[in-house]
Amino acid sequence: MAEQAEHKENPAESIMEKISEKIHGDDHDSSSSSDSDSDSKTQKPASPSSVKAEVYRLFGRERPVHHVLGGGKPADVVLWRNKKISAGVLGVASAVWVLFELIEYHLLTLVCHISILALAVLFLWSNAQSFINKAPPRIPEVHLPEEPFLQVASALTIEINRALAVLHSIASGRDLKKFFIVIAALWVLSIVGSWCNFLTLFYISFVLLHTVPVLYEKYEDKVDPLAEKATIEIKKQYGVFDAKVLSKIPKGPLKAKRV
């Protein structure tokens, strides 16, 4: 009888042991899966922002093109954020170029003709009010404020002094690289100046200012890799030029630095 009771208890104990083993096995599996998930999270690749931060940008810029151009309304006009204003500015510049370059109008003649027309219209309107039964025109009194002119003069003075300081540092012979860059730029500018007059050159620069930045902002992801390759090639050629030419130029003794 005792043996039969033990045989009846053994199946119950075996069932309990199987259930406990299954529970412990599930816990072990869940813990191992959570560990593998945590490992996979730690081994994730770098975020796109970190990869994007390492992308080469033209002239080493770190800010958007709008901020590089100073922001505000001038940058909006250059980047065509307001198409009506940008088109109007470019249209006025084109009209001025056509008048003075193609039609060969002179500035003084144009100002005099516009003044004659405006004065004639206002004079006739003022004297013909009794015939046309309309109020005379209200001619506003124009007073030019001093502050904008002073601000423009101050900004021009600062920029001119800065340019003179740069020219002084270049002429002193401290930086040969900057010296050759300035000489090459002036030489190219002299060649372009022989092709066209100042007005045409100014108009071309104005059109480029209103087209190149907006095109670069639109296609900067394609332009920057090409600019990077060009920069690497220019540095390589400059290294060869430095090794063959610049390094062989005799230099005088350096003066002692002042304490």
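**Labels and their cut-offs**

Author: Read along the sequence, the chain follows the pattern α-α-α-α-α-α-α-α-α-α-α-α, with 12 helices and zero strands, where helices (H or I, at least four residues) and strands (E, at least two) are DSSP runs numbered from the N terminus. This is a predicted model, in which local features need pLDDT of at least 70 and side-chain atom pairs count only at pLDDT 80 or more, while totals for chains, interfaces and linings use all residues. Residues are numbered from 1 along each chain as its sequence is written, and side-chain values use heavy atoms, with hydrogens and water left out.

Reader: What makes α5 roughly antiparallel to α10?

Author: The axes of helix α5 (residues 83-102) and helix α10 (residues 198-209) come within 11 Å and cross at roughly 165°. Angles over 145 degrees count as roughly antiparallel, and therefore α5 is called roughly antiparallel to α10. The axes are lines fitted to C-alpha atoms, for helices over the stretch in contact, and the angles run from 0 to 180 degrees between N-to-C directions.

Reader: Why is Phe 241 called partly exposed rather than buried or exposed?

Author: Phe 241, found in helix α12 (residues 220-244), has a relative accessible area of 34%. Buried means under 20%, exposed over 50%, and partly exposed in between (1.4 Å probe, protein chains only), so Phe 241 is partly exposed. Of the 259 residues in the chain, buried residues make up 10%.

Notes:
Parallel < 35°, antiparallel > 145°, perpendicular 65-115°, else oblique.
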